[in-house]
Amino acid sequence: MKDHLVIFDTTLRDGEQSPGASMTKEEKLRVARQLERMRVDVIEAGFAAASPGDFDAIKAIAEVVKESAVCSLARANENDIRRAGEAVRPAARSRIHTFIATSPIHMEKKLRMSPDQVVEVAIKAVRWAREYTDDVEFSAEDAVRSDIDFLCRIFDEVIKAGAKTINVPDTVGYSIPSVWGERMKTLIERVSGADKVIWSTHCHNDLGMAVANSLSAVLAGARQVECTINGLGERAGNASLEEVVMAVRTRGDLFPVQTRIDATQIVPASKLIAQITGYAVQPNKAIVGANAFAHESGIHQDGVLKHRETYEIMRAEDVGWAQNKLVLGKHSGRNAFKSRLSELGIVLDTEEALNATFARFKDLADKKHEIFDEDLQALVSDETLAPAGEHYKLVYSRVCSETGETPKADVTLTVGGVEKTASAVGGGPVDATFKAIESIVASGSELMLYSVNAITTGTDAQGEVTVRLSKGGRIVNGNGADTDIVIASARSYLNALNKLHSSLEKVNPQADV
Ligand code: KIV
Ligand code: ZN
C-alpha cells in the first residue's frame, strides 16, 4: 500500500503573485472548478486579508467547491487569521495556512523580531486559526535559510498548539535536492509530535530545482507538495504540479506515494491558466508544452511508430492531450453550447451572459468552421473580461494596411459610457490601433509585453493576445481573443486598461507582518 501524497495547489495564491497574473473573482472560480475536477486535495484560493476582492473570491470558491479543501493564507496576526477564517467558513472542508519567517535575515531585517517573539506569535496564530477549523497549516517562511535547531523548536511548539500540517518552504529557491531531502529527514526525526502531522514542502524555482527539491522531500518523508499549474508563481515560480504528479506516477517504482489526481485534466488546466493569466507555456515545457509529445527526429518517429515506448515514457492522452477535440460547429444549438460549457465546468451566472456568449459563438462559427474547447474557453474569458459596464469598451475599429503606405487605425471606444473616436498612424496595424486607443485614454502606462498565440491550429484559428502594462509600480495583464488579431489586440489592451482603472491595491503576503 502506498501513502497518499497530498497535492496542495497554490496557483490562485502564490501563482497569482507572478507580475500581472492577478485574476478576477470569475476567473478564480473557473480555475477552482478545474482544480476540483482534477481532484487536487487542497486549493489555496488566495490571501483573504490582501484585499476585499481576494476575500470575496475565496468565499465564493468556498461556497461552490465540494471535493477539495479550500484554504486561505494568513500572516501570523489576528486580523489576517480572522479574515481567512471568515472567508473559508462556507467550505465543506476548510483550511487556514498561517506563516511567519524563521530565518535570521528575515527575523532581523524584515520582521524586526527576536526568535522568542517569533515563536510566541506563531503559537498564537495557530491557536486563533484553530478557533475556525481543525485543519491548520503552519509554514516557516525561508525555512531554507533558517537554523535547524530553531526550526525544530518552532515546529514543536506549533504542533502542540494544534497545527496539523507543517510546511517547510524553500522561499528563495536556494536549495538542491540532496540538501533539501536531508533537511526534511532531520526535521521529521527531531521534531516531537512529527508523527502526528503531515510534512509538506513548498519550493521555488530560482535555480530551476523546485520540482527536484520537492521530490527529494517526498523521498525523505514529506506527504504534501505545494505546487502550481505550469509552475506559475513568485519570481521564477513554484514547483509545477504536472511535473510532480507525473514524476510520482511514472516512477512509481521509486516513490512510495500516490496522488488522487485525474491526470487527464492536466492539459485543460494548463491551457486555462495560460489563457487567464496571459503566461504562455514554453513549447518544450515538460508534460504541458506543445512539443512535450512531438517527435522531430526521423529515428525517433520511426521508433515510436514501431513501438510507442521506444521514446515515450508517458502517453499524451493520459495527461489530457487527446481532449482537444472538435466540439461544436455553425449548426450547434444553444443547448449543445450550454451543455458543453457545463462539461468544461463553466457556469455563466445569468441568462444575459449566456445569450451574449452564445451570440459571440455564432459569430465565431461563421468565421471558423471548427470550434474547439479552447475556443469556448476564450469566448467565455472575453465575455467575463469585458462585461457590460466596463469603463473602456471597444465599439468599432478599422485598420488600413497597404504595401508602401503607413498603417492607419480608426477606433471608437466608450469611456465610462461616452463614445469617443480617434485615428492614429503607426509602425503596423496593431501599433496604430494602440496609438489611437492611447490618444483617447491617455493612460500614461508603459507597454511591457505584447504577445500573440494561436489558440488552435490553422490560419482561421483565434489569435489570443496578451498585453502587459505597467503604471506607477503596478503591473497588469490583459487578454483578448479573436480570429482578427488586430481586434484581439485592441480587446486585450482595453482589458489591461480596465484592470489598471479599477483594481484595488493588494497587499503581498510576504511584504510584512
Ligand atoms: O514561499 C513561501 O515561503 C510562501 C509561504 C507563504 C508558504 O509562499
Ligand atoms: Zn511561495
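In the predicted model, Ser-397 has Val-411 of strand β14 as its bridge partner. Strands β13 and β14 (residues 408–415) pair in the antiparallel sense over eight bridges, two strands being paired if DSSP finds at least two bridges between them. Helices (H or I, at least four residues) and strands (E, at least two) are DSSP runs, numbered from the N terminus. The two strands belong to an open sheet of three strands in the order β13-β14-β15, with antiparallel pairing. Because β13 (392–400) and β15 (418–425) each have a single partner strand, they stand at the edges, and one side of each is left without a neighbour in the sheet. On average, neighbouring strands of this sheet are turned by 15° against each other, direction ignored.

Helix α15 (residues 429–441) lies across β13, β14 and β15 and runs at about 40° to β14. Axes are lines fitted to C-alpha atoms, for helices over the stretch in contact, and angles run from 0 to 180 degrees between N-to-C directions. Helix α16 (residues 485–502) also packs on the sheet, where it touches β13 and β14; its direction makes about 150° with that of β13. Contact means heavy atoms within 4.5 Å.

The model is predicted, and local features need pLDDT of at least 70, side-chain atom pairs count only at pLDDT 80 or more, and totals for chains, interfaces and linings use all residues. Residues are numbered from 1 along each chain as its sequence is written, chains are lettered from A and ligands numbered from 1 in the order in which they are written, and side-chain values use heavy atoms, with hydrogens and water left out.

A parallel pairing occurs between strand β7 (residues 165–170) and β8, over six bridges. Within it, Thr-165 has Ile-198 of β8 as its bridge partner. Strand β8 (residues 198–203) is mostly covered, with five of its six residues buried. Buried means under 20% relative accessible area, exposed over 50%, and partly exposed in between (1.4 Å probe, protein chains only).

In helix α5, the buried residues are Val-118, Val-119, Ala-122, Ile-123, Ala-125, Val-126, Trp-128 and Ala-129. Their cover includes α3 (78–88), β5 (94–101), α4 (104–111), β6 (136–141) and α6 (148–161). The 16 residues of α5 (residues 115–130) should span 22 Å at 1.5 Å a residue, which agrees with the 23 Å between its end C-alpha atoms; the expected span is 1.5 Å times one less than the number of residues.

The axes of helix α12 (residues 334–343) and helix α13 (residues 351–367) come within 11 Å and cross at roughly 110°. The two helices are therefore roughly perpendicular, a term for angles of 65 to 115 degrees. Arg-334, Phe-337, Lys-338 and Leu-341 of α12 meet Glu-351, Leu-354, Asn-355, Thr-357, Phe-358 and Phe-361 of α13.

Arg-39, in the loop between α1 (25–37) and β3 (42–47), has phi near 70° and is partly exposed, with a relative accessible area of 38%. Arg-112, in the loop between α4 and α5, has a phi of about 55° and is exposed at 68%.

Lys-2 lies in the segment before β1 (3–4) and is partly exposed at 30% relative accessibility. Lys-2 and Phe-255 are 253 residues apart in sequence and 8.6 Å apart in space, C-alpha to C-alpha. Residues touched by Lys-2 include Gly-252, Phe-255 and Pro-256.

Definitions and conventions
Parallel < 35°, antiparallel > 145°, perpendicular 65-115°, else oblique. Lists of a residue's contacts leave out its neighbours within four places in sequence.
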